[in-house]
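Please look through the structure shown here from its overall make-up down to single residues and contacts. The paragraphs after it keep to computed geometry.

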Amino acid sequence: MGKRIGRLVGVVAFLLCFLEVPLFAVSDIPDEDAWVTNGPVYAVVRDENKGITYIGGNFTYVGPNTGCGVPIDTKTGEPVSKFPKVNGYINAVVSDGSGGWYIGGGFTKVGKETRNNLAHIMPNGTVDPDWNPSANMSVNALAISSDGKTLYVGGGFNKIGGETRSRLASFDITTGNLTVWNPNASSDVDALAISNGILYVGGYFTEIGGESRNCLASFDITGVTPTITDWAPNVTGIGDTGAVGALAVSSDGKTLYVGGRFDTITIEGVNYTRNCLASFNINIAGGLPTITDWDPNVNNWVEALAISDGETLYVGGGFTYIDGQRRNYLASFASDGELINWDPGANHWVEALAISDGILYVGGYFTEIGGETRNHLASFNISTGELTNWNPGANSDVNALAISSDGILYVGGYFNSICGEKRNKIAALDSNGRLTAWNPGADNRVNALAVSNDGKTLYVGGCFNEIGGETRNYLASFASDGELTVWDPNANNYVNALAISSDGKTLYVGGDFTYIDGQRRNYLASFASDGELTDWAPGVNYNVCALAISDEILYVGGAFTSIDGQTRNYLASFASDGELTDWAPNANWIVYALAVSSDEILYVGGDFAYIDGQRRNYLASFDSDGGLTDW
């Protein structure tokens with residue numbers, strides 16, 4: 001279940017800093033305003049003539065660096081003007097009732113302030129300077145009492161507010177102080193809900209409040225200190241384990257909905273089969289909650305629940321069937337418990353739901369929902385069930401949503417960018433690091449980029465077979481107006497590296513290919529400035545991964561062990577006349593990256609542990625004479 005049950009965390013996003021300074025003279029402090037991608041960037045090249053930086057890689061999105069928590073205007077879909085960036089991930093968010101937010105997750109900084117996993121963002125967008133509870137592990141759930149005086153916090157922590165509290169704690173909102181309440185849950189708390197003076201708690205625990213409680217419990221919070229109730233519903237799953245990850249109470253306060261990963265709920269010795277979703281009658285005078293007959297029979301975990309004013313229950317999670325019908329990750333039930341015909345069909349998990357002013361907001365892993373592209377964030381008109389045009393887009397998973405009274409939606413998750421644009425594998429950024437309109441799109445990874453010395457041509461190499469809307473196998477070029485050129489060298493396998501000679505007359509191409517432009521060239525080739533393949537055919541015996549040029553010397557790195565019939569282990573160089581030089585530094589494994597600094601130092605990166613007879617783990621440098629440096 002998303003961040004808590006069965007979570008697959010694999011977010012890759014690179015902060016790109018494009019500074020107009022020479023290599024290795026750059027600041028060691030990243031530019032926090034530089035835009036980011038949702039996947040790896042393998043190539044960066046700057047066209048000084050235009051002030052444009054081109055990036056290539058395996059991304060599909062480029063957008064502003066917002067951090068993993070962003071308040072968004074529900075009408076425009078744009079982030080509000082001022083908010084602090086959060087540097088990790090957010091699992092839970094709740095409005096403080098005054099235009100600010102409490103956020104919980106796995107982070108260490110909010111704005112410029114150190115805040116470990118729990119923080120308060122003030123209505124003016126600043127971090128509360130007086131409240132620093134510092135949970136020592138993740139926060140997964142937050143809830144505020146109906147009188148607005150107490151904040152309840154659940155998660156995986158065992159220390160918070162400077163004191164020992166195992167996975168569940170509370171704070172006096174007026175003073176900011178940790179309360180004396182210490183329920184001591186035996187394992188993670190993942191869900192909280194409050195109704196009629198009762199705090200409902202869900203998670204993985206088997207003991208809480210000094211009593212045996214399996215994954216679900218409740219506390220009477222009407223007194224000075226919360227006390228655990230006698231309700232003990234014993235939630236279990238396969239192998240007698242279970243988990244509760246979502247809780248919601250109907251607006252009339254009569255029904256508690258429970259979602260998670262479980263298949264059995266046992267009450268007073270009676271087993272009730274309930275697959276991942278159940279409900280309880282809770283508004284029973286003088287009595288404990290009782291399980292209802294409702295059995296929607298979900299085929300996989302439930303992560304999110306939300307209830308509209310019309311008593312429609314919305315359910316999100318990792319399921320594909322519910323109540324015997326196909327529903328991909330999102331479904332709804334009428335107040336009588338019947339599955340509604342609405343079928344928005346997300347293409348991946350739904351992890352967060354929120355409702356405001358007749359709109360259902362949905363966050364998760366999906367990139368398509370309601371038949372249209374929506375990256376991790378979408379909204380639906382509740383009265384019609386139709387997807388709205390609202391489309392802010394995030395570059396990775398959204399797993400927390402909350403709405404303030406002034407119509408601001410706070411979005412939290414594993415993303416680090418919202419309100420960017422789709423770019424398939426290749427993009428261009430202006431001199432301020434902002435995305436340009438150029439959008440050629442490639443159907444597979446871009447590995448290498450090079451700009452001609454006169455700035456008139458951008459060369460692109462990679463794993464693609466289509467780019468700019470046309471067929472180009474692994475190698476292509478664009479004119480200065482951004483249009484794909486007619487040049488079609490048609491390599492028969494990946495292009496991994498590109499380099500242009502100092503005089504601008506020759507383009508060098510390295511990769512996995514053995515044929516290019518209709519002729520045999522093993523892994524390395526060159527083209528004249530008019531696009532014609534040259535006669536140079538150095539005969540490399542295996543893949544070329546990297547190229548760099550300095551003072552008319554071409555450096556070549558890769559997986560090869562022989563060039564031109566001579567032994568060269570993974571690294572070699574060629575003179576300006578195309579002849580292999582005597583330089584043989586002899587790395588002991590593959591070289592993947594090469595770069596030359598302005599003072600002609602060659603930097604080498606790869607999987608090697610030895611190079612030029614000396615120990616160098618993965619990174620080394622050579623001076624202009626080819627000698628290994630002490631670095």
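What follows goes from the chain as a whole to its salt bridges, its loops and its surface patches.

The model is predicted, so that local features are taken up only at pLDDT of at least 70 and side-chain atom pairs only at pLDDT 80 or more, while totals for chains, interfaces and linings use all residues. Residues are numbered from 1 along each chain as its sequence is written, and side-chain values use heavy atoms, with hydrogens and water left out.

The chain has 62 strands and 0 helices, where both kinds of element are DSSP runs numbered from the N terminus (helices being H or I runs of at least four residues, strands being E runs of at least two). Taken along the principal axes, the box filled by the C-alpha atoms is roughly 95 × 50 × 50 Å. Of the 631 residues in the chain, 57% count as buried; the scale used here calls a residue buried under 20% relative accessible area, exposed over 50% and partly exposed in between, with a 1.4 Å probe and protein chains only.

Side chains of opposite charge can pair when their charged atoms come close. With a salt bridge taken as a side-chain nitrogen of Lys or Arg within 4 Å of a carboxyl oxygen of Asp or Glu, the count comes to 6 salt bridges. Among them is the pair E163 and R165, whose closest N and O atoms are 3.6 Å apart; E163 is partly exposed because its relative accessible area is 41%, whereas R165, at 5%, counts as buried. Another is the salt bridge between E372 and R374, with 3.5 Å between the closest N and O atoms. Here E372 has a relative accessible area of 41% and is therefore partly exposed, while R374 is buried, its value being 5%. The side chains of E421 and R423 also meet in a salt bridge, at 3.5 Å from N to O, and in this pair E421 is partly exposed at 44%, whereas R423 is buried at 3%.

Most residues other than glycine have a negative phi. K425, however, has a positive phi of about 70° although it is not a glycine, and its place is in the loop between β41 (421-422) and β42 (426-429). With a relative accessibility of 13%, K425 counts as buried. Y523 also has a positive phi, near 75°, and is likewise a residue other than glycine; Y523 lies in the loop between β51 (519-520) and β52 (524-528), and its relative accessible area of 13% is why it is called buried.

What joins the side chains of N395 and N416? The link is a polar contact of 2.6 Å, a term that stands for a pair of N or O atoms within 3.5 Å, where within protein one atom must be able to donate a hydrogen and the other to accept it, and where residues adjacent in sequence count only if both atoms are side-chain atoms. N395 is placed in the loop between β38 (377-381) and β39 (398-403), and at 6% relative accessibility N395 counts as buried.

G203 belongs to strand β17 (residues 198-203) and is buried, with a relative accessible area of 0%. G203 and N182 are 21 residues apart in sequence, and their C-alpha atoms are 17 Å apart in space.

The last topic is the surface. Patches are made of residues with over 30% relative accessible area and no salt bridge, like charges being joined within 9 Å and nonpolar side chains (Val, Leu, Ile, Met, Phe, Trp, Tyr) within 5 Å. Lys and Arg count as positive and Asp and Glu as negative, while His and the chain ends are not counted, and the place of a charge is taken as NZ of Lys, CZ of Arg, CG of Asp or CD of Glu. A patch of negative charge gathers D503, D551, E552, D599 and E600.

Definitions and conventions
Accessible areas come from the Shrake-Rupley method with a 1.4 Å probe; for residues, only the protein chains shown count as cover.
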